Amino acid sequence: MSIRKKQPGDTIAREQWGSKLAFILAAAGSAVGLGNIWKFPYVTGQYGGGAFVLVYLVMVLMIGVPVMIAELTLGRTSEKNPVGAYGFINPKWKLAGFLNVAAPFLILSYYSVVAGWTIAYMVRTFSGSLAKVAPEQMADVFVGFISSSGEPVLWHGVMVLLTVGIVISGVKAGIERWVKVLMPALFIILLALVARSLTLDGAAEGLGFYLRPDFSKLSGEAILVALGQAFFSLSLGMGAMITYGSYLAKKENIPSAAISVSLVDTLVALLAGAAIFPAVFAFGFEPGQGAGLVFITLPAVFAAMPFGNIFGALFFLLLSIAALTSTISLLEVVVAYLVDERKYDRKKAALTVGTLVFILGVPASLSQGILSDVTIFGKSFFDFLDYITSNIMLPLGGLFITIFVGWVWGIDKALKQITNEGTLAFAFAGIWSFIIRYVAPVAIIIVFLRSLEII
Ligand code: PHE
């Protein structure tokens with residue numbers, strides 16, 4: 001390969017995914033994250049097991065997939081980052097694009113803190129140091145760890161470094177190359193863990209708790225939680241799918257790609273529960289610990305399990321991989337913005353954003369400990385970042401994309417792109433249009449007002 005120095009006035013063709021599979025792995029990598037393996041199982045347990053799963057599936061199909069189609073289409077049509085994508089169609093809407101760049105930047109800062117905990121726990125389960133801790137002490141050990149000032153910050157830095165190291169090499173040589181290794185590894189580990197968990201004595205009870213439908217727990221709240229979870233889990237409303245769509249070839253079938261990505265994401269979420277609950281019940285633990293399930297209950301389960309250090313390390317490796325393929329997509333949104341709009345070169349963009357994200361993550365991490373008294377609107381810095389991104393920026397991002405595609409850009413123009421100028425059949429064109437224009441915006445507004453405690 002001959003390398004020619006960049007000359008002024010050169011326009012570099014935008015990179016594209018090498019194949020449809022590469023795109024699906026990358027987008028599924030973005031979607032599959034802490035949301036699937038950490039959050040989905042415990043909200044399912046909390047909101048009625050199988051009944052919640054049903055509602056979740058309806059939300060993914062009815063709202064998630066159509067919104068993903070809209071985001072991918074906007075990205076592919078404009079071949080730009082979110083700011084450029086909105087601006088390409090209507091410059092007045094650039095601000096909505098900015099929201100889609102600011103949100104991933106902020107999420108990245110605290111998401112990589114949590115991802116850092118998973119790496120630390122991988123090391124601690126593998127070395128056997130957690131196996132020495134009594135089950136009732138596990139919560140104290142966890143709180144002690146995340147509230148300390150050194151190690152969690154260090155692991156957060158490691159996570160940011162890994163992410164920057166991959167994104168810096170570009171879409172094909174960086175992201176694509178790595179998701180092709182990481183995603184198959186994730187599947188193999190997940191299947192091995194499910195197999196181990198389901199073959200334990202007493203596994204059936206856990207599976208029953210997880211999946212037996214309890215319609216009495218299925219409140220209106222559960223339905224809203226399902227929609228919020230679907231959005232977060234499918235990486236919607238954050239500019240990620242716009243950005244990944246901008247590297248998608250014009251010949252690809254967007255609806256089929258969106259369905260594949262959503263299927264993979266949902267399958268991983270379901271399997272994560274099947275790996276966790278049977279093991280929890282088989283060793284006689286209580287699953288009702290909410291967010292502590294992964295860092296408090298599971299380490300105790302692994303301590304009790306034969307070869308638990310291996311299975312435990314594999315579980316936390318799984319979480320770390322899932323988190324890494326998500327942080328990659330979060331960083332890529334911001335990098336794409338700087339490269340497209342601010343003419344940074346990729347290396348400078350990745351290093352700059354990486355540095356800023358690391359810096360912002362430090363107070364997020366320390367707010368679990370020495371900075372816990374510093375609050376913003378009554379929340380710790382960590383909770384504040386989580387709150388404004390998940391409860392405000394994400395629903396707004398989702399609302400804007402539906403209104404923009406449904407009403408501003410125009411559904412007919414969008415459909416022309418989805419059908420590749422009429423060369424592809426899109427059987428659900430009518431339903432999709434109706435959902436994007438009416439159903440999705442209304443549903444998102446309800447979730448939004450609910451999360452602000454207005455209704
Ligand atoms: N979908 C990821 C998860 O489930 C989180 C994420 C959101 C990643 C938005 C990228 C963009 O954990």
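Leaving aside its neighbours within four places in sequence, which residues is Ser-246 in contact with? Before the answer, a word on the basis of what follows: this is a predicted model, in which local features need pLDDT of at least 70 and side-chain atom pairs count only at pLDDT 80 or more, while totals for chains, interfaces and linings use all residues. Residues are numbered from 1 along each chain as its sequence is written, and side-chain values use heavy atoms, with hydrogens and water left out.

With contact meaning heavy atoms within 4.5 Å, Ser-246 is in contact with Arg-14, Gly-75, Arg-76, Glu-79 and Lys-80, once its neighbours within four places in sequence are left aside. Ser-246 itself lies in the loop between α11 (240-245) and α12 (254-282), where helices are DSSP runs of H or I with at least four residues, numbered from the N terminus. Its relative accessible area is 3%, so Ser-246 is buried; buried means under 20% relative accessible area, exposed over 50%, and partly exposed in between, with a 1.4 Å probe and protein chains only.

Glu-79, one of the residues that Ser-246 contacts, is found in the loop between α3 and α4 (82-89), and at 32% relative accessibility it counts as partly exposed. Most residues other than glycine have a negative phi, but phi of Glu-79 is near 50°, a positive value in a residue other than glycine. A positive phi, near 60°, is also found at Glu-421, which is placed in the loop between α16 and α17 and is exposed, with a relative accessible area of 52%.

Within helix α3 (residues 50-78) one finds Val-60, which counts as buried at 5% relative accessibility. Not counting residues up to four places away in sequence, Val-60 touches Val-65, Pro-66, Ala-230, Leu-234, Ser-262 and Thr-266. Between Val-60 and Leu-324 there are 264 residues in sequence and 23 Å in space, C-alpha to C-alpha.

The axes are lines fitted to C-alpha atoms over the stretch in contact, and the angles run from 0 to 180 degrees between N-to-C directions. Helix α7 (residues 151-167) packs against helix α14 (residues 308-341) at an angle of about 60°, with the two axes 9 Å apart. The two helices are therefore oblique to each other, given that angles under 35 degrees count as roughly parallel, over 145 as roughly antiparallel, 65 to 115 as roughly perpendicular and the rest as oblique. From α7 the contact draws on Met-159, Leu-162, Thr-163, Val-164, Ile-166 and Val-167, and from α14 on Ser-320, Ala-323, Leu-324, Thr-327, Ile-328, Leu-331, Glu-332 and Val-335. These residues divide into 10 nonpolar, 3 polar and 1 charged, where Ala, Val, Leu, Ile, Met, Phe, Trp, Tyr, Cys and Pro count as nonpolar, Asp, Glu, Lys and Arg as charged, and the others, Gly among them, as polar.

The buried residues of α7 include Pro-152, Trp-155, His-156 and Met-159, and what covers the buried residues of this helix includes α5 (94-127), α6 (138-146), α8 (171-198), α14 and α15 (346-366).

Helix α14 also packs with helix α13 (residues 292-304), at an angle of about 150° and with the axes 9 Å apart, which makes α13 roughly antiparallel to α14. Val-294, Phe-295, Leu-298, Pro-299 and Phe-302 of α13 make this contact with Gly-308, Phe-311, Gly-312, Phe-315, Phe-316 and Leu-319 of α14; by class, the contact has 9 nonpolar, 2 polar and no charged residues.

Finally, helix α1 (residues 20-31) is mostly covered, for 10 of its 12 residues are buried, among them Phe-23, Ile-24 and Leu-25.
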